[in-house]
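Hello,

Here is the structure I promised to pass on to you. Have a look at it first, and then read on for what turned up in it.

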Amino acid sequence: MRPLLCEIRLNRLRENYHTLKQLHGGKLLAVIKADAYGHGAVRCAQALDGIADGFAVAMLEEALLLRENGIRKPIVLLEGVFDADEYAQVEQWDLWPVIHHQAQLESFLAHSWQSPRTVWLKMDSGMHRAGFFPHNYAAAYTALQQSPHVAEIIKMSHFACADETDRAMTELQTETFDLACEGLAGAESLANSAAILDYPPSHRDWGRAGLALYGISPFGGNDARLKPVMRLSTRVFAERVLQPHEPVGYGATFYTKRSSRIGLIACGYGDGYPRHAGTDTPIAADGERTRIVGRVSMDMMTVELKHGGIGNEIELFGDTVHVNEISAAAGTLAYEIVCNIKRAQRIYSE
């Protein structure tokens, strides 16, 4: 069997949740949209079900998958509904919808609800992607507040630049949110992963832990407070020794500078590893850091070996090599890498 393994350490997932909840101080949603950022939504939700205050997903289909697999904690639909008919399933499966534009608001108020519902009302505080503009927010809030179909309104917004060291935009969004919410009672939610880690003024009633929940810092690098949940590994299945000035791989983009032991490993861009992670991208061979040489192919890639050979374990990312190092080398985001991993044997461990 092809030796590409994707290990998901569920104990680390729980530890990260506890860490982030302690940092935030309030209630905390575990964001498990996009199949828990590639980690497996059902297994991750089941691992957190006993400790999480609730979960957040992007859409109805993701929420139904969790409900059908025994998850009973609150589930927030971050994108709300896409069609008014979906509100029937929102009620059937006891979900908490986000309302972020006028059509969603009107269809919510028009629906024949059997029992009052908790609603998350989103403000566009400056990101200009989704949400009511600040000057329209109080009117939307009041419309919901006056409806007998609403049990609770949780006010929310989303930061555009919380993962940047310059806090000007984040501070502006916080100020905009607070001014627009003045006089509007109820719980609030502002902090995403980056804000939970680094911006205490955003720590309101509910936090929303996404990337950091999986042990990945949204600021890049390695945050010692977080433990990587996913570990991707494979093995060397062929090797050769090349003399100086020999090319390796497609396009002959890499030439050896000395006598070199080159290992061939089972992983490539067809497995979700980034194609643009070229020569000098770090990997670890039996725990010792080394590097990729040449281009990443669809099903395999070549690495420089310092010792050993066929059968050596190669950590592509996990503990010795952090996924943020791979994303930096490939000019992409850690989000994209972990979400794209496929064709690997998935192993869940405690």
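Ser 189 is buried, with a relative accessible area of 0%. Please keep in mind that this is a predicted model. The residue belongs to strand S8, which covers residues 188–189. What does the side chain of Ser 189 reach? At 3.0 Å there is the backbone oxygen of Trp 206, and a polar contact of 2.8 Å joins the side chain of Ser 189 to that of Arg 208. Setting aside neighbours within four places in sequence, the residues in contact with Ser 189 are Trp 120, Ile 154, Lys 155, Met 156, Ser 157, Trp 206 and Arg 208.

Glu 188 also lies in strand S8. Glu 188 makes a salt bridge with Lys 155, with 3.3 Å between the closest N and O atoms. Lys 155 sits in strand S7 (residues 150–157), so this pair ties together parts that are 33 residues apart in sequence. Are these two partners buried or exposed? Glu 188 counts as buried at 13% relative accessibility, and Lys 155 counts as buried at 1%.

Nine residues of domain 1 are in contact with seven residues of domain 2. The size of an interface is often given as the accessible area lost when the parts come together. Here, the area buried between domain 1 and domain 2 is about 860 Å², and carbon and sulfur atoms give 62% of that.

How many salt bridges cross the interface of domain 1 and domain 2? The rule finds one. Arg 12 and Asp 319 form a salt bridge, their closest N and O atoms being 2.8 Å apart. The pair links distant parts of the chain, 307 residues apart: Arg 12 is in helix H1, while Asp 319 is in the loop between strand S17 (313–317) and helix H10 (323–330). Asp 319 is partly exposed, with a relative accessible area of 41%.

The rule also finds four residue pairs in polar contact across the interface of domain 1 and domain 2. On the side of domain 1 that touches domain 2, helix H1 (10–24) and helix H2 (33–38) each supply at least two residues. The largest share of that side, three residues, comes from H2. Sorted by class, the side of domain 1 that touches domain 2 has four nonpolar, three polar and two charged residues.

**Helix H4 and its cover**

Helix H4 spans residues 60–68, and its buried residues include Leu 60, Glu 62, Ala 63, Leu 64, Leu 66 and Arg 67. Which elements cover them? Among them are H2, helix H3 (41–48), strand S3 (54–57), strand S4 (75–77) and helix H5 (87–92). After H4 comes Gly 70, which has a positive phi, near 90°.

**Other salt bridges**

The structure holds 22 salt bridges. One of them is between the side chains of Glu 239 and Arg 261, at 2.8 Å from N to O. Glu 239 is in strand S10 (residues 230–242) and Arg 261 in strand S13 (residues 260–265), 22 residues apart. Glu 239 counts as partly exposed at 31% relative accessibility, and Arg 261 is partly exposed too, with a relative accessible area of 30%. Salt bridges that share partners also join Arg 2, Asp 271, Asp 299 and Arg 343 into one network.

Methods
Residues are numbered from 1 along each chain as its sequence is written. This is a predicted model: local features need pLDDT of at least 70, side-chain atom pairs count only at pLDDT 80 or more; totals for chains, interfaces and linings use all residues. Side-chain values use heavy atoms; hydrogens and water are left out. Contact means heavy atoms within 4.5 Å. Buried area is the accessible area (1.4 Å probe) that two parts lose on being put together, summed over both. A salt bridge is a side-chain nitrogen of Lys or Arg within 4 Å of a carboxyl oxygen of Asp or Glu. A polar contact is a pair of N or O atoms within 3.5 Å; within protein, one must be able to donate a hydrogen and the other to accept it, and residues adjacent in sequence count only if both atoms are side-chain atoms. Helices (H or I, at least four residues) and strands (E, at least two) are DSSP runs, numbered from the N terminus. Ala, Val, Leu, Ile, Met, Phe, Trp, Tyr, Cys and Pro count as nonpolar, Asp, Glu, Lys and Arg as charged, and the others, Gly among them, as polar. Buried means under 20% relative accessible area, exposed over 50%, partly exposed in between (1.4 Å probe, protein chains only).
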